[in-house]
Structure formats: C-alpha cells, structure tokens
Number of protein chains: 2
Amino acid sequence: MSIVNINEKLKKISDHWNPRIVGELNDQHVKLAKLKGEFVWHKHDNEDELFLVIKGSLDIHYRDRIETISEGEFTIIPRGVEHKPFANEEVSVLLFEPATTINTGDSEGDLTRDTLEWI
Amino acid sequence: MSIVNINEKLKKISDHWNPRIVGELNDQHVKLAKLKGEFVWHKHDNEDELFLVIKGSLDIHYRDRIETISEGEFTIIPRGVEHKPFANEEVSVLLFEPATTINTGDSEGDLTRDTLEWI
C-alpha cells in the first residue's frame, strides 16, 4: 500500500526495451519501460496487454495497419494478435498485463527479458 | 484495439462516485471515475484494487492512517483491507481491478453501482 510516483520511477530507467515492475495485483503486473526504435514482431498466446503512454508517442504496427498512441492514451492488444512496437523518439509507457507475460511473446531472442527487476 | 484517450473519456463524466468502464483485459476492467467528498468504509474480499490519479489529489483513509495520492501517482489496495476514499476537491482517477469488483465492496448501499456503463 505504498504510493508509486510514475515519473520518479521512470527516472531510474535509462535503457530501452527493458520493462521494470512497479506494482502487482490480481496476478497482474504494472510495469514501466522506455522504448526507442523498433521491437520484434510477436504475439502473446495467453495474455492481453495494455500500453499506456506516459510521455512521447508510440506506434504499434499490426499486420494490416499502424496505430499511434499519444501521451495520455492507451490501447489494449488482445492475446494472439501479432504486433510490433516502434518509437521514432524515446517513449515512456506503463504496461498492465498478467505476471506471466514475456516481453517478446512467442519471438524469443536477444530482446527477451524473462526476469524483470522491481524498481 | 482502439485507442482510448483518457482526457476525452473524462469529459463524458459529470457525476461523482460512478465509475465507467473504458477497457477490459484478462478479466480485469480499466475504469475512469470522478470523485468528490467522502465515500463509505469498505473492503473487497477477493479483489486488489489500483487507483491512479489522473487529475487532482485523493486521500485514502485506512483504519490506522491516511495516504494522499497526487497526480501521476498510484496505489494498490490489497483485498481484505478496509479503506475509504476521500477527495476534498474533485479528483479524476483511473482504476484497474477485476471485472467482478463492486465499488462499495462489502458495504452495499446508496453509493453501490453494480452495473457499470461503458463509455
């Protein structure tokens, strides 16, 4: 029941594509991450995923279109849907997703972070 | 997979203590609400509850202390913990919680909203 200040937590993150956990409830994690550049195409077979943009702008590429999420907006990516996050400039995001979620979903590789740090 | 703009959704809310649903994922709801004044003491037996302050300031009274959550901050209230939200001035909040959550928990009464509207 401690209070989490999102901007203070974001100051502790200096790398990209490496989500940190800042909260846990109902088997879900609240995570913060900074993203820049292109991620990998992937999907999560069993997890819906929420991206809330705190600062900046994030493109989510889908196979048939691109969505741009601006500051103060969120989108929910349903399980099973292929997507690729892309950020031209650094973007800070809050994620809300099941604790079981792996960042690269079914596309394990160099960008996979399967043990996340609490900050 | 549509984009939700939090401030645009908040413009549609003019009453207090009446959460609206703006997203659903993994059997959880994302809700928005405007709060002002004093709520009722209650607890949720089976649901942890996240309050993220979008605009304003929210006090959460616990039996042994009061926490003040400011803009850009969140707190998670574990299941079973008695609490009473209080807002001296109107505050806009985002809630993450299981879809089964009733706003007044175990204290059903005039403020209970058991069928929530999507906006």
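This is a predicted model: local features need pLDDT of at least 70, side-chain atom pairs count only at pLDDT 80 or more; totals for chains, interfaces and linings use all residues.
Residues are numbered from 1 along each chain as its sequence is written, while chains are lettered from A and ligands numbered from 1 in the order in which they are written.

## Two copies and their contact

Two copies of a chain are related by a rotation about an axis and a shift along it. The same surface serves both copies, and 100% of the contact residues of chain B recur in chain A.

Chain B gives 24 residues to the contact, and chain A gives 24 residues. Two residues are in contact if their C-beta atoms, placed from the backbone, lie within 7 Å. On the side of chain B that touches chain A, the elements giving two or more residues include α1 (6-10), β1 (4-5) and β8 (84-98) of chain B. The largest share of that side, five residues, comes from β7(B). Helices (H or I, at least four residues) and strands (E, at least two) are DSSP runs, numbered from the N terminus.

By class, the side of chain B that touches chain A has 13 nonpolar, seven polar and four charged residues. Ala, Val, Leu, Ile, Met, Phe, Trp, Tyr, Cys and Pro count as nonpolar; Asp, Glu, Lys and Arg count as charged; the others, Gly among them, count as polar.

## Strand pairs

Two strands pair if DSSP finds at least two bridges between them. One pair crosses from chain to chain: β7 of chain A (residues 73-77) and β1(B). The table lists this pair and others.

| Strands | Sense | Bridges | Partners |
|---|---|---|---|
| β7(A) and β1(B) | antiparallel | two | A:Phe74 and B:Val4 |
| β2(A) and β3(A) | antiparallel | five | A:Arg20 and A:Leu32 |
| β3(A) and β8(A) | antiparallel | ten | A:His29 and A:Glu97 |

Strand β4 of chain B covers residues 49-55. Five of its seven residues are buried, so β4(B) is largely enclosed by the rest of the structure. A residue is buried if 20 or more other C-beta atoms lie within 10 Å of its own, exposed if 12 or fewer, and partly exposed in between, with C-beta atoms placed from the backbone. Strand β3 of chain A (residues 28-38) has eight of its eleven residues buried, so β3(A) is also largely enclosed by the rest of the structure. In the hairpin of β2(A) and β3(A), two residues lie between the strands, and A:Asn26 takes a positive phi near 50°.

The largest nonpolar core has 50 residues. Among the members that touch the most others are A:Phe51 and B:Phe51. A nonpolar core is a set of buried Ala, Val, Leu, Ile, Met, Phe, Trp, Tyr and Cys residues joined through C-beta atoms within 7 Å. Leaving aside neighbours within four places in sequence, the contacts of B:Phe51 include B:Leu58, B:Ile69 and B:Val93.

A:Leu116 is found in the segment after β8 of chain A. A:Leu116 is partly exposed, with 17 other C-beta atoms within 10 Å. Not counting residues up to four places away in sequence, A:Leu116 touches A:Pro19, A:Arg20 and A:Ile21.
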